[in-house]
Amino acid sequence: MDFQPDLPIPISYVSGRYLLFSIDAVTYLRREHNICGVLIGTLPQIPQQNVFLGLPLELMPEEARLLVDKGVACIVDEAKAHDGMNTLLEEDRRRYLRDLESQGLHVSRIQLDRKERNREQTLKKLEEKKAKAKAKASAAAEAPTVPEEGTSTPSPKNAAIVDLFNAEERSSSPSASMSTPPQAATAITPATSYPPLSTPSPSSYLSAPAVPSSYPLFAHLHSKGYFLSPGLRFGCQYVAYPGDPLRFHSHFLVVSYDWDQQIDLMDLVVGGRLGTGVKKGFLIGGPQKGIDSVDSEADRVDTVRAFSLEWAGM
Amino acid sequence: MAGTQKATNRPHASAITEHITEKGYESPHLARSAQVQHNLEHQHLWTSIVGEVIPGQAGDSNTLEKDPHQPPQEPIPLLSGYPPHRVYTHPDEQLYMLENGIREDDLEPQRMFVVPTTQGQPWTLRHMAAVFDRLPEFKRKAEEHDRSVNPTSMQPGASGLDPQKAEKLAQYYDKKEKARLTKEWGSQSLLLAMVDKGMGGDGTVAYYVVHEGEVKPRQN
């Protein structure tokens, strides 16, 4: 269950977006590094369906930067990395296709096994039911104090029904297993292209993503164990959850300011009021140092100060 | 004519304007402070209100940018007083009080600090940080002031309580002191009072609780 992917995890950079295509990487980052991202994959046939989205996972530049700074991930230019597809040898191509087919076979075998097991279980259950019904029927027959026809007739009838079904099942099950087609391989669509292509070399990694000025506050909250997600839905920059968003309600609506950036007090009222309205705090903050006065973003993260606001109710 | 005479008569200034001119608060931050103090005293029935001012830092903005710990250029007024009821209780503290059957009325009143602000005034994170950095100092000052004014008021009727309750309260204050150090019941907090000055102002003052750092919201 606790799958550990090879580090650094390659983050695909596609036309300005940071994407993850490997489900193992996605679960690993969520579990170990409190990075959730946003699933953006939908069905090509029904693109309007946006309730249940799947891979790929889009990361905010802040998330990608944080992972790169931690050494957990690297940025790979997806278009360049796939140049190799053209020069793929015919032999490699065939081997890859064969590989996919064998994986497909494996999957269909597992599915078949599961089906078989289910069938056996239901059969067993039916058997038990039948035995019970028989016992009941015999008990009813042995009880001569109840001479009424009404009570004794249903039991044998039921038993007969069960028998009938059973017989059918029994006759069908061997034939079914015998008539199993010679295993059509399940078609597999891999989400990543790393088996045919080699994993990208460190020399091809792109530089760390450029981040907005709110990055220090983002990294500061992340280092305190908060899960952060984009805040557009709540009218702020980030929404901070005290744990996995599937388990917790969020605590804060987060907006970042520079140290000497003018804050309109009306914005504080708006944020504070909105936050209180949705049972959250309104958190503002920022690094004390400007980007010009330090060597790296990491130095600014340590100087972040934050303040949380709530309506006083008076 | 009497009619025209009447028309040129100006209406009386509002109580708050009179109060401000009477006291001679000419600089805007003092006038602002006076308005909030007036509101706290008469609308929210606060008592023993004391005013302070964090002096502004003279100097050009270039030197300011170098040192993030320097206070801003503008002076910041600060008020403190005793609200009739507690304004803020941390959710975990509230839970503790519920579990131990401590009611808010049993507790000694707490001095609360208020920063009067108004729409359109310069306000930055630096202002906010400057206030919080000076808060412990002002707290100490206010405590001394309270002791000098009324040395007995800080011992809440310990004699009138039954021993069981007194013990629970003592435990609560122990826990409170510990929580203050670990910050599990929240860190320093104050009230941000915002005065509406637009269109002449309608006398509204909005109050928001501000905590230093990440303090979880009361209802979540």
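## Model and confidence

This is a predicted model, in which local features need pLDDT of at least 70, side-chain atom pairs count only at pLDDT 80 or more, and totals for chains, interfaces and linings use all residues. Residues are numbered from 1 along each chain as its sequence is written, while chains are lettered from A and ligands numbered from 1 in the order in which they are written.

The model has an ipTM of 0.84 and a pTM of 0.78. The average pLDDT (the predictor's confidence in each residue, from 0 to 100) of chain B is 82. A score of at least 70 is reached by 86% of its residues.

## Chain B

Chain B contains seven helices and five strands. Both are DSSP runs, numbered from the N terminus: helices are H or I, at least four residues, and strands are E, at least two. Their order along the sequence is α-α-α-β-α-β-α-β-α-α-β-β.

Chain B has 220 residues, and 25% of them count as buried (20 or more other C-beta atoms, placed from the backbone, within 10 Å of the residue's own). Take the contacts (C-beta atoms, placed from the backbone, within 7 Å) with a separation of 6 or more: 70% join residues 24 or more positions apart.

## A helix pair in chain A

Helix 2 (residues 61-70) and helix 7 (residues 215-223) of chain A have axes that come within 10 Å and cross at roughly 60 degrees. Axes are lines fitted to C-alpha atoms, for helices over the stretch in contact; angles run from 0 to 180 degrees between N-to-C directions.

From helix 2 of chain A, A:Glu62, A:Arg65 and A:Leu66 meet A:Tyr215, A:Phe218, A:Ala219 and A:His222 of helix 7 of chain A.

How values were computed. Buried ≥ 20, exposed ≤ 12 C-beta atoms within 10 Å, placed from the backbone. Contact = placed C-beta atoms within 7 Å.
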